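Student: I have not looked at this structure before. Could you take me through it?

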Amino acid sequence: MLLAQQLTESADILEVANTGSFWNILTFVVFTPLVGALVLLAIPKANQQALKVVALGTTLVAAGLGVVILTQFDFGDASAKQLGANIGWIEVINSRYIVGIDGISLPLLMLTLLIMPLVVIYSWNHIPSPGNPKAFFALQMVLMTGMLGSFVALDLILFFVFFEVVLLPMYFLIGVWGGEQRQYASIKFFLYTLFGSALMLVAFLALYFLSDEVLTPSGNVMHSFDMTLLPALATGISAGAALWIFGGMFIGFGVKVPMFPFHTWLPDAHTQAPTVGSVILAAVLLKLGTYGFMRIAIPILPDAAKSWAPVIGILAVIGIIYGALCCLAQTDMKRLIAFSSVAHMGFTMLAISTLTDFGFNAALFGMVAHGLITGMLFFLAGSTKERYHTLEIKRLGGLLKQAPHMGWIMGLAVMASLGLPGLAGFWGEFPAILSAYDPAEGLNVALFRTLMVIAAVGTVLAAGYLLWLYQRVAFGTPSAEFENDPNIVDVTTTEWIAWTPLIVLIVVLGMVPGILFNVTNPAVGVALSAIGA
Amino acid sequence: MLLNQFLLLAAVLFCIGVYGVLTRRNGVMVLMSIELILNAVNINLIAFGTYLSDATGQAFALFIIAVAAAEVGVGLAIVLMLFRNRRSIDIDAVDQLKG
Amino acid sequence: MNILAAVGVDNPPLDWHALAPELVLVGLLAVLLLVDAFGGERSRWAMPSLTGIGLLAALIPVATLAYDGVVRSMFDGAYVVDNYALLFKALFLIAGYVVVLLSTNYIAEGDYWEGEYYQLLVASLLGMTVMASARDLISVFLALELLSIPAYMLAAWRKRDLGSEEAGMKYYLMGVFASAILLYGMSLLYGMTGSTLLVDIAGAIEGTEVPALVALAVVLVVVGFAFKVSAVPFHTWAPDTYQGAPTPVTAFLAVGSKAAGFVALMTVVLIAFPTQPRIFEPLIWALAAVTMIVGNLIALRQTNLVRMLAYSGVAQAGYILAPLAVAGVSGASAAMAVEAVSTYLVIYAAMNLGAFAVVIAVARKTGSAEIDSYGGLFSYSPVLAVCMSVFLFSLAGIPPLAGWYGKLTIFLALIEPGTLAGYILAVIVGLASVIALFYYARVAKVMFVDPAPDGDTTPIRVPMSLAAALTITVAVTLVVGVLPQVLARVTGAETFLSIGG
């Protein structure tokens, strides 16, 4: 004790104090789905109605807690980590239960809370083969806990745990309820992500040991995993070590995004996953990667980030063009949407690689917009598959004739996806390109402007493949094999309920982007404070 | 004292023992090779103990002799059991399980 | 008049409290022997209960000693009871108890000698508890033999079964050979230092004039233990023995015997060789790297679950060895290595015993351990399938199951010294874990997706004792995974300070 006191007096060592309690609103929102999963396990398998009601109820309770969070969140101080707690967890390594949200995590948290009830509603009449709604919903609930936890965790180890919790349910969702090549796809998904997270963990631990120490509440002087303190603690790390550590995180998060060349798991996973799996994957899971860059890698190691930025930027742009070209070559609608994800996440990563406020805001908007739009597109693909029993583009056609409402909704989603002004996609894509015009100080301006031009070409390609897709699927007359197929009906009630919120948000965010930018902007400034842009 | 000669003898016995274990296919011969190694150990211990005028080495050797006796008893029991069931003590013929 | 005193030998002072756990086991052994000898057939049913109660009774002195918290040293330091020893004694006793639970129905319903089975089990456990306290070459050797010799017999315990006899034979020959090599290394150590006490050896070999001989001795000792912990390339006995031996015995060998090997290796290396990191570090580094890579690669193509678990156990041995490869950098890294190894051993015991419990339960119905025979398990015995998944994914190190914390401590120990060797090994551990996931996930897939092979979907009836074993192991796996502090408090660094003396 005496030693600790002397240390605090002599050196400028950071002191950590316990704040808040475990029973805070974020804990509730994160673990509500887990409780729901346990309740599901207790319900007999045969009682399908009860299973569905409990699953929906759980997600709605979580979403309700989300509304409470919105009312309690101090938007005037969106740069601060709010509503959380900081208490002991694994004391021997000073890994703590630190949770909190700010302007960066709030939109993603809300996105998750919005998507999950919609997914459950959509599943109401669409439990994929081989059935078993009990396990299906229970896994989704566990998945939800993992995703929510990743967005609120502010301790590297806690974040890692939640990040990994996501893996298993997704593996089973793809591997059990997926398409014909589900085993290959699920294993590929699992191995890529696990490979990335193994390197990420090594990077986290190296960061832990090389950064400065803090004084824990119990009076010990120890290293720290606290994301909010590490930017200050990690300043002493040598440039060479920082580069390696950033490299480890780069692979860990890059696999998840997915960045070219780590993207190859994504088309397989998307194509084989059941509809709701694809929606969750596109809407939320991919964001874990970009979120990791914005929350962890870049703020903690800003100098290494500057060295890596050109690499990230170049790979992002390769992803944009490569994704677009692959889209043009696809014959399967779901696979096409999957590759368009690679392209869209390329825009997000390009914006992040500029290391500017502007770029980060654009990236966050892009993440939310991509979540809404691509989620919508995967819902549509799922419903198309259900009606036509195929997603081969050349066999489809005349959707507008056979199911006009669905055709129009698809039109809206496609337009939003290609970045039509007035819809959400525009505010993710356009500022992302623009941000590359003026990257952070110290980055190669000529390089980034070149990247900007190439990315702009990418938008043209995107318009090309998306319009081509829409034209083939929606226009024209239905092919002979489906002409009088009674299975092909217009949007059903559950689909309306599941899709309306997405459609409304796509339009509203397109019209009034400020509601999102106002939240993200202050927080982004803090994340980039060390870059000095 | 002629410590080196004893150590050399032990080393030779050890090598013969290891060679025997690695090349002999007869279960009893393998057991005897292992006994050679154990005797090499005992010679080492006693030679060192005498050289250092320390009784620990001899005590250690006594322990080894006693334990080795028990060990060989168990070993022969297993070999015998195997022999009764398959009429052979060739350890290469023992290949029920893929190795 | 004491006859020893007459010839000038003093009775060494005995600390009965410190020896109490072992004495309880000796007493238990005597009771089992008497009950078996005089009770005959009528008392058969009582053997497992008696053994279980006896093992739990032996935990009581372990608890009081831990509460007391004094380091007790006997026989000039050859036998030490400190927190390190107590942790492992408790681990061995609890693991032994779970093995008894696994054996109860298996041994009673199969064609086995029942009374002797439990006696040998207790004798082997006695060796393990002694090993936890051994701080001297002679006591290490005696403990090793005491735990191994009954285990050789147990491996061959299935009557008139060639597979089991072969398992015992292979285990025996490899085990004895390893002991012999180990002893040769020990004899050299004794000769160079004039002492068998590990602490004295550490001091004496520091300034030795024959470094080559020291190197040879260190290598032989490490190799001897490498056999015991089934490190590649000394692992060849493990899969055959595991597959052929009765399954509860396999669980016992895979957990207890291996943990005891690690305890011995760790004690000897960290107390006797801390001044020789240039010799043992590269050796253990290479052993660890090769072990985890080869173990995982061979496990990939196994079709029998027990063999797969055997190879996965080989790979896990590689993970456990890894922290020792950087333990010589500093005192702090040695402490972290001890913490990592002990943490991992505890977690490994829980998840591996659990996996074997499921294997035993499933074999009651299918009579097979082939992976294919697990098809459809989720549809007819969902609880068993979920339990198995918990254990397998815990072995793979997926949070929030206990295995992840074990891996984390290993990563911590590897990265703490900040050496290149440590970083590279950490990356290898990461990659090996990814490979490992393949085969764990495949079993999960078979259980959840594939149909039952013969269409027989009657649920499996799990007897009480197996259910108890499953409950214990699942609880440990989940609790430690979510609240690692529970275990970390026990394995924490400050409790291990006395390892050096």
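Tutor: We shall discuss the chains, then some helices, then a few backbone details.

Student: What kind of model is this, and how are things numbered?

Tutor: This is a predicted model, in which local features need pLDDT of at least 70 and side-chain atom pairs count only at pLDDT 80 or more, whereas totals for chains, interfaces and linings use all residues. Residues are numbered from 1 along each chain as its sequence is written, and chains are lettered from A and ligands numbered from 1 in the order in which they are written.

Student: Which pair of chains shares the most contacts?

Tutor: Chains B and C do, out of the two pairs of chains in contact. Two residues are in contact if their C-beta atoms, placed from the backbone, lie within 7 Å. Chain B brings 34 residues to this contact and chain C brings 32 residues.

Student: Which elements of chain B give two or more residues to that side?

Tutor: They are α1 (3-23), α2 and α3 of chain B. The most comes from α3(B), with 15 residues. Helices (H or I, at least four residues) and strands (E, at least two) are DSSP runs, numbered from the N terminus.

Student: And how does the side of chain B that touches chain C divide by class?

Tutor: There are 23 nonpolar, eight polar and three charged residues on it. Ala, Val, Leu, Ile, Met, Phe, Trp, Tyr, Cys and Pro count as nonpolar, Asp, Glu, Lys and Arg as charged, and the others, Gly among them, as polar.

Student: What about chain A: how many of its residues are in contact with chain C?

Tutor: 27 residues of chain A meet 26 residues of chain C. On the chain A side, β2 (82-90), α6 (156-165), α7 (167-177) and α8 (182-210) each supply at least two residues. The largest share, 13 residues, belongs to α8(A). By class, the side of chain A that touches chain C has 23 nonpolar, two polar and two charged residues.

Student: How far apart are the nearest C-alpha atoms of chain A and chain B?

Tutor: They are 28 Å apart, and these two chains do not touch.

Student: Back to α3(B). Which of its residues are buried?

Tutor: The buried residues of α3(B) are B:G57, B:F60, B:A61, B:I64, B:V67, B:A68, B:E71, B:G75, B:I78, B:V79 and B:L82. A residue is buried if 20 or more other C-beta atoms lie within 10 Å of its own, exposed if 12 or fewer, and partly exposed in between.

Student: What do they pack against?

Tutor: They pack against α2 (27-52) of chain B, together with α6 (137-155) and α7 (162-193) of chain C. As for length, the 31 residues of α3(B) (residues 56-86) should span 45 Å at 1.5 Å a residue, and the end C-alpha atoms are 44 Å apart, which agrees. The expected span is 1.5 Å times one less than the number of residues.

Student: Now chain C. At what angle do α2(C) and α5(C) pack?

Tutor: Helix α2 (residues 16-39) and helix α5 (residues 114-133) of chain C pack at about 170°, with axes 10 Å apart. That makes α2(C) roughly antiparallel to α5(C). Axes are lines fitted to C-alpha atoms, for helices over the stretch in contact, and angles run from 0 to 180 degrees between N-to-C directions. Angles over 145 degrees count as roughly antiparallel, under 35 as roughly parallel, 65 to 115 as roughly perpendicular and the rest as oblique.

Student: Which residues meet there?

Tutor: Among them are C:L25, C:L29 and C:D36 in α2(C), and C:Y118, C:V122 and C:L126 in α5(C). The contact of α2(C) with α5(C) holds 13 nonpolar, three polar and two charged residues.

Student: How far apart are the axes of α2(C) and α3(C)?

Tutor: The axes of α2(C) and helix α3 (residues 46-68) of chain C are 8 Å apart, at an angle of about 170°. These two helices are therefore roughly antiparallel to each other. Their contact has 17 nonpolar, three polar and no charged residues.

Student: Is A:H389 buried or exposed?

Tutor: A:H389 is exposed, with 11 other C-beta atoms within 10 Å. Its phi is near 60°, a positive value in a residue other than glycine.
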